[in-house]
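Colleague: I have not looked at this one before. Can you walk me through a few of its side chains?

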Amino acid sequence: MIGDIHQRVTRSTVASLVFFSHSAYVATFEPRDMSHALSDSNWVNAMHEKLENFERNHVWDLVEPPPNFRSVGTMWVFKNKQGDNGMVVRNKARLVAQGFCQKEGIDYKETFAPAARLEAIRILLAFAASKGFKLQQMNAKSAFLNGFIEEEVYVREPPGFESARFSDRVYKLRKALYGLKQAPRAWYARLKSFLLKSGFVIGSVDKNLFLLSRDGDTMIVQIYVDDIIFGGSSHALVSSFAEQMSREFEMSLMVKKFEMGDSKPMRTPMSTNTALDVDEDGEAVDQKEFRGMIGSLLYLTLIGWRCVDNALIKGEIESQWTGLIALLV
């Protein structure tokens, strides 16, 4: 217990206590340069965590430089991740390659990777709504670190973590790094190969659309770089796919926002003759959550309402609209 248990504690006081207790585990600033980052143990730990992730994923090998080799520089990018309350919850350090130093034909050959168009996602939502599919979304963590590269690419040791014993060595990449010109293509090739081996068929027009038919059930998968939207006619098939992806890659499944998972859609979420006025004694509105609701409504309008003039689809969207509006009022 912190403080007198008989003393009335306001929400602002609790938030302050949580903030100061949590700030002991993360840095509250973003480093302006490498020396600034090395001065804080939290950022040093964040960089160590990233390098350990490289070792687990066999991203590179420390080797002696071959004759007439070219090495690509690396740099650290620092970013704080904030929670819903605006408090820093994680220090993220990302090591990126200085791709502007790469030479075509030497460090890379092909860089093109297909990207999903917004119209394709709208059609997917329209089709899922008409078939009654329940769509889910997952994200691949450190997606580009999963892509194998064909070229011989050597990078210099990470700044601040140069080996005193092997100062003349370089890292030969097995997999792509963020910043490499061929990184998006390598990740797409790895994901495409995995989906085809799992029984999916790639779309003839949209190369980011994959279809699976099994025992009379259908499943659709739409990829957009490291974000994946998927759904199907069988809950077991969808769950099996999510498990397969999590075993093959490090994935994060998007959670439902605003705690509306068990809500029932209604045409009128509240009485139509209710008179609303200012609640002077009520609890203050969480501005960040309120803005998130508004943003979700705008996104829903952009993606769904314009996809097609289908009454069923509009009804599906309208039910989600009314559910969110019920929370807003």
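Colleague: Is Trp43 buried or exposed?
Modeller: This is a predicted model. In it, Trp43 is buried, because its relative accessibility is 0% and buried means under 20%.

Colleague: How many aromatic pairs are there?
Modeller: The count is eleven aromatic pairs. One of them joins Trp43 and Phe78, edge-to-face, at 5.4 Å centre to centre with 75 degrees between the planes.

Colleague: Where do Trp43 and Phe78 sit in the chain?
Modeller: Trp43 is in helix α3 (residues 41–56) and Phe78 is in strand β3 (residues 74–82). They are 35 residues apart, so the pair links distant parts of the chain. Phe78 is buried too, with a relative accessible area of 13%.

Colleague: And what kind of pair do Phe194 and Phe249 make?
Modeller: Their planes are at 80 degrees and their centres 5.5 Å apart, so the pair is edge-to-face. Phe194 lies in helix α5 (residues 183–197), while Phe249 is in the loop between α6 (235–248) and β12 (251–253), 55 residues apart. Phe194 is buried at 14% relative accessible area, and Phe249 is buried at 3% relative accessibility.

Colleague: Which residues form an aromatic cluster?
Modeller: Phe54, Trp60 and Tyr171 form one.

Colleague: Different topic. What lies over the face of Tyr178?
Modeller: Arg94 does, at 3.9 Å from the ring centre.

Colleague: Now the surface. Which residues make the nonpolar patch?
Modeller: Val285, Phe290, Ile294 and Leu298 make a patch of about 370 Å². Leu298 lies in helix α7 (residues 287–305).

Colleague: Why does Leu298 count as exposed?
Modeller: Because its relative accessible area is 57%, and exposed means over 50%.

Note on methods
Residues are numbered from 1 along each chain as its sequence is written. This is a predicted model: local features need pLDDT of at least 70, side-chain atom pairs count only at pLDDT 80 or more; totals for chains, interfaces and linings use all residues. Side-chain values use heavy atoms; hydrogens and water are left out. Patches are made of residues with over 30% relative accessible area and no salt bridge: like charges are joined within 9 Å, nonpolar side chains (Val, Leu, Ile, Met, Phe, Trp, Tyr) within 5 Å. Accessible areas come from the Shrake-Rupley method with a 1.4 Å probe; for residues, only the protein chains shown count as cover. A salt bridge is a side-chain nitrogen of Lys or Arg within 4 Å of a carboxyl oxygen of Asp or Glu. Helices (H or I, at least four residues) and strands (E, at least two) are DSSP runs, numbered from the N terminus. Buried means under 20% relative accessible area, exposed over 50%, partly exposed in between (1.4 Å probe, protein chains only). Rings of Phe, Tyr and Trp (its six-membered ring) pair if their centres lie within 6.5 Å; planes under 30 degrees apart count as stacked, over 60 as edge-to-face and the rest as tilted. A charge sits over a ring if NZ of Lys or CZ of Arg is within 6 Å of the ring centre and within 35 degrees of the ring normal.
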